[in-house]
Amino acid sequence: MTDENTFPDDLLQLQERLHRAHAAHRAYLADLPWSVEPMNGWARGERYSHRGDVPDSSGWSDEQTATVDRMWAELRELANAVVDHPTGRASRLTSW
């Protein structure tokens, strides 16, 4: 017996891939310098900073930038696949 409220396995797998890709992206960004381009840091009193003193940033390397771009492309692709899944499309068409 099938439940009409059960999501198809392929959609659940897409959502899982999207969540894992998002977690990997956030973890990768957390290890990068705070600024994409090299930038001088500042002491808390010089500019507002909720983090306290901000160290100098060496910026991202070309390889890091390419990795972030690739990860964003994967996230967009997976998000589009989830949104455009036939189950979601069908429910949007019948919910009006």
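Serine 35 lies in the loop between helix 1 and helix 2 (62-83) of this predicted model. Serine 35 counts as buried, because its relative accessibility is 9% and the limit for that class is under 20%. The side chain of serine 35 reaches the backbone oxygen of glutamate 37, at 2.6 Å. Contacts with residues farther along the chain were also examined. Leaving aside residues up to four places away in sequence, serine 35 touches Ser57, Gly59 and Trp60.

The chain as a whole contains three helices and zero strands. Along the sequence, the pattern reads α-α-α. The chain has 96 residues, and buried residues make up 22% of them. Serine 35 is one of the buried residues. The accessible surface of the chain comes to about 7,700 Å². Carbon and sulfur atoms account for 53% of that surface. Contacts were then sorted by separation in sequence. Among contacts between residues at least 6 apart, 58% join residues at least 24 apart.

Aromatic rings were considered next. The count comes to one aromatic pair. The pair is formed by tryptophan 34 and tryptophan 42, with ring centres 5.5 Å apart. Their planes stand at 80°, so the pair is edge-to-face; planes over 60 degrees apart fall in that class.

Charged side chains were examined last. Side chains of opposite charge can pair when their charged atoms come close. A search of the whole structure finds one salt bridge. Glutamate 16 and arginine 20 form this bridge, and their closest N and O atoms are 2.6 Å apart. Both residues belong to helix 1 (residues 9-30). Glutamate 16 and arginine 20 are four residues apart in that helix, so about one helical turn separates them. Glutamate 16 has a relative accessible area of 38% and is partly exposed. Arginine 20, at 59% relative accessibility, counts as exposed, because the limit for that class is over 50%.

Technical notes: Residues numbered from 1 in each chain as written. Predicted model: local features only at pLDDT ≥ 70, side-chain atom pairs only at ≥ 80, totals over all residues. Heavy atoms only, no water. Phe/Tyr/Trp six-rings, centres within 6.5 Å; stacked < 30°, edge-to-face > 60°. Helix = DSSP H or I, 4+ residues; strand = E, 2+ residues; numbered from the N terminus. Buried < 20%, exposed > 50% of the residue type's maximum accessible area, 1.4 Å probe, protein only. Contact = heavy atoms within 4.5 Å. Areas by Shrake-Rupley, 256 points an atom, 1.4 Å probe, with all protein chains shown as cover. Salt bridge = Lys/Arg side-chain N within 4 Å of Asp/Glu carboxyl O. Polar contact = N/O pair within 3.5 Å; in protein donor to acceptor, adjacent residues only side chain to side chain.
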